[in-house]
Every structure is written in C-alpha cells, then in structure tokens.
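Please keep the sequence and the 3D view at hand while reading.

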Amino acid sequence: MRIRFGYGLFVCLAISFCYVPRMSAQQGDSSSQASRQESKDENSARATEESSSRDTRVDLSPPSNDEKNHPLSGAAVSDAQEAASDVQELHPWDPHKAAKDVEVGDYYFKRKSYKAAIERYKHALIYKQDDAIATYRLAESLDKTGNLTEAVTYYRGYLKILPHGPYAADAQKAISRLSPESRANAAK
C-alpha cells in the first residue's frame, strides 16, 4: 500500500507541475494582449491629434497657374525620366566561368556542333569581355556556320585584343578570305 500511495502522490505532483505553468502562461498571454490593446488605443488617439510638425511642412503642390504657364513641362519631365532609365545590364567579371565556357565551347566545336559552340563562346565573352581565345574561336565557329560578316567582326576583334597573338596570322588570312571585297573579287 505504501508503494501505491507514494506512486500516486508522485503522479499527482507531476500532473500539477505540468498544468500550473500553462495556467500562468495563459494568464501572461491575456495580460500582454491587454497591454497591446492599450498601446493600439494610444496610437489611434495620437493619430487623430494634430501633428506638431504641420507648421514646418513644405508645400510641394504646383502653383495654380503652372500647367497653363508651362504647357510642355510634363513632356520634358517624362523625356528626362526615360533618358535616366536607360539601364545597362552589368555582369560580374568572372574569368573562371569564362574559361569553363571556352572549354565547353571547344568540346562542342570538336564535335562539329557549331551552334552550341557559338553560344558557349558568347557566354564566355559575357564574363570576360576581352578574352582573345573565346573571340577567335567564336569567329571560327561563325565561319563554319556561314555567318561570314559576323565572323569577320570577331576576327578583327581578336586582332584588336592580340595583334601579334598566336592566331593573328590565321585571323588575317580569314579576314582577307571572308571580307566582302575579296568575296566580290572571287565572284568575278
């Protein structure tokens, strides 16, 4: 009997400890809700009162005859806003990403998938604008796909970056072969 009484007392105490904090937490919640309600009432009362800063407020409304006196001012403002909104997208300079794109572009070029190579070389030039290898290989890929005028542009770009680089002689030959003047002479 003693064991049962001790065990029963233990269970009663454990249950009472579990429920007592919950009751006090509920009481705390109701008191915090009451204080929140009071602060809301105070804020709404302050909002209805007149602000002391009204005396120092600056009137930004246009004068009454402004539109009549300056009829084209709205067009000038909108033109100025359009000119200011010419945002250019900037990409971070990331030579590692560019090198990886060149590597993948080379893979596609070796597999004769020139369109995929072109995309990868162009992507490399986004992250490293003056990459000579990507520029030259892009020109080669464009040459293979028949985009001759664009290929000449990139061959010239390569020569602008590295005028005496390892592919400079090949680029000069390609320009002389692909330029519109030499194509016109070959057609005659």
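How many salt bridges does the structure hold? In this predicted model, the structure holds 5 salt bridges, and one of the pairs, taken up below, joins the side chains of Arg-120 and Asp-101.

- Arg-120 and Asp-101 meet through their side chains in a salt bridge, with a distance of 2.7 Å from N to O.

**Packing of α4 with α5**
- The axes of α4 and α5 come within 8 Å and cross at roughly 170 degrees, which means that α4 is roughly antiparallel to α5.
- On the α4 side the contact includes Asp-101, together with residues such as Pro-95, Val-102, Tyr-108 and Phe-109, while on the α5 side it includes Arg-120, along with Tyr-114, Tyr-121, His-123 and Tyr-127 among others.
- Sorted by class, the contact of α4 with α5 comprises 12 nonpolar, 2 polar and 4 charged residues.

**Packing of α5 with α6**
- Helix α5 packs against α6 at an angle of about 155 degrees, and their axes lie 9 Å apart; α5 is therefore roughly antiparallel to α6.
- The crossing of these two helices, α5 and α6, is left-handed.
- Among the α5 residues that meet α6 are Tyr-114, Ile-118, Tyr-121 and Leu-125, and among their counterparts in α6 are Thr-135, Leu-138, Ser-141 and Leu-142.
- The residues of the contact of α5 with α6 fall into 9 nonpolar, 3 polar and 4 charged.

**Packing of α6 with α7**
- Helix α6 (residues 132-145) and helix α7 (residues 148-161) pack with their axes 8 Å apart, at an angle of about 160 degrees, so α6 is roughly antiparallel to α7.
- Where α6 passes α7, the crossing is left-handed.
- The α6 residues in this contact include Ala-132, Tyr-136, Leu-138 and Asp-143, whereas those of α7 include Leu-148, Tyr-154, Tyr-155, Tyr-158 and Ile-161.
- By class, the residues of the contact of α6 with α7 are 11 nonpolar, 2 polar and 3 charged.

**Aromatic pairs and cluster**
- The count of aromatic pairs comes to 6.
- One aromatic cluster is formed by Tyr-136, Tyr-155, Tyr-158 and Tyr-167, and of these residues Tyr-136 in α6, and Tyr-155 and Tyr-158 in α7, also take part in the contact of α6 with α7.

Notes
Residues numbered from 1 in each chain as written. Predicted model: local features only at pLDDT ≥ 70, side-chain atom pairs only at ≥ 80, totals over all residues. Heavy atoms only, no water. Axes fitted to C-alpha atoms, helices over the stretch in contact; angles between N-to-C directions. Helix = DSSP H or I, 4+ residues; strand = E, 2+ residues; numbered from the N terminus. Parallel < 35°, antiparallel > 145°, perpendicular 65-115°, else oblique. Left-handed = near helix turned anticlockwise from the far one by under 90°. Contact = heavy atoms within 4.5 Å. Nonpolar A, V, L, I, M, F, W, Y, C, P; charged D, E, K, R; others polar. Phe/Tyr/Trp six-rings, centres within 6.5 Å; stacked < 30°, edge-to-face > 60°. Salt bridge = Lys/Arg side-chain N within 4 Å of Asp/Glu carboxyl O.
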